[in-house]
Each structure stands twice: as structure tokens, then as C-alpha cells.
Amino acid sequence: MRRIFAGFFGIWMSVTALLAQDGDAIETVIGNQLQAFNDRDLQEAWSYASPNIKRLFGTPDNFGVMVERGYPMVWDNKDVQFLELLEVNGGQIQKVMIRDANGTLHTLLYQMIETPRGWQINGVQLLPGAQLGA
């Protein structure tokens, strides 16, 4: 019985360690893209987008226009807090709270996919009603 428990415990610890590594990698990707937007480095921000996003927008400039107009809190982010990493239908969703240039807090869901190049951002959803004053 102890061997069975030890075996399950070992598997659980391995899975937990892998999830923590994924979480760190996902946070790094999102954080790097947010910094690239602050730096107005569209080529760098583009490098964190998934192949699907790249097909949809075609160029870093088109992508930048979409983010600037549709996600101003991402375009001009002042503070970022990573909340929980969720597994949904086998995929990874990172919940992120972002403070915009005006001090308003927004909560977003980042859909992440693992590619041969590592974790990439496959979409972002702004949670409605999640804006909080400074």
C-alpha cells in the first residue's frame, strides 16, 4: 500500500512541477508581449502571437492597429498581475489583471497554445464588467 501511495505521490509531484513550469513560461510570454507593446516594438509583440493570429492579421502593423484600437489597456499597460492559470477543454487560459494608462483595472483571459516555438498567445478576451477604478 505504501508503494502505491508513493507511486501516486511521485506522479502528482511530477505533474505539479510541469504545470508550474508551464505557468512560468506562459507568464513570461504574456509579460514580454505587454512590454513590447509599451516599447511600441510591434515585431517583438508579433513574435508571441500564435500562427492563427498571424494568419488572421497578416502583418505586425495590422496586429498593432487592432491591439491599439481594441485593447487599449494592453497597448498602454502600466501594471500587470497574473491571476490563476486555468485548464479549459485541454487548453491553458491565463487570467491577467492589467492597469491601463488611466489607472483603471481590467481583467483579461489569455488563451495560450503550445507550439514548436514554445507557448504563444492564441487570443485575448476582456471580461465584461471587470473594470475597476484606481
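A polar contact here is a pair of N or O atoms within 3.5 Å; within protein, one must be able to donate a hydrogen and the other to accept it, and residues adjacent in sequence count only if both atoms are side-chain atoms. The model is predicted, so local features need pLDDT of at least 70 and side-chain atom pairs pLDDT 80 or more, while totals for chains, interfaces and linings use all residues. Residues are numbered from 1 along each chain as its sequence is written, and side-chain values use heavy atoms, with hydrogens and water left out.

D100 sits in strand β2 (residues 91–100); strands are DSSP runs of E, at least two residues, and helices runs of H or I, at least four, numbered from the N terminus. A polar atom of the D100 side chain lies 2.8 Å from the backbone nitrogen of N102, and a 2.8 Å polar contact joins the side chains of D100 and H106. Leaving out residues up to four places away in sequence, D100 touches M73, D76, K78 and H106 (contact: heavy atoms within 4.5 Å).

As for salt bridges (a side-chain nitrogen of Lys or Arg within 4 Å of a carboxyl oxygen of Asp or Glu), the count comes to 2. One joins the side chains of D76 and R40, at 2.6 Å from N to O. That pair links distant parts of the chain, 36 residues apart: D76 is in the loop between α5 (72–75) and β1 (77–88), and R40 in the loop between α1 and α2 (42–47). E84 and K95 pair up too, at 3.5 Å, tying strand β1 to strand β2 across 11 residues.
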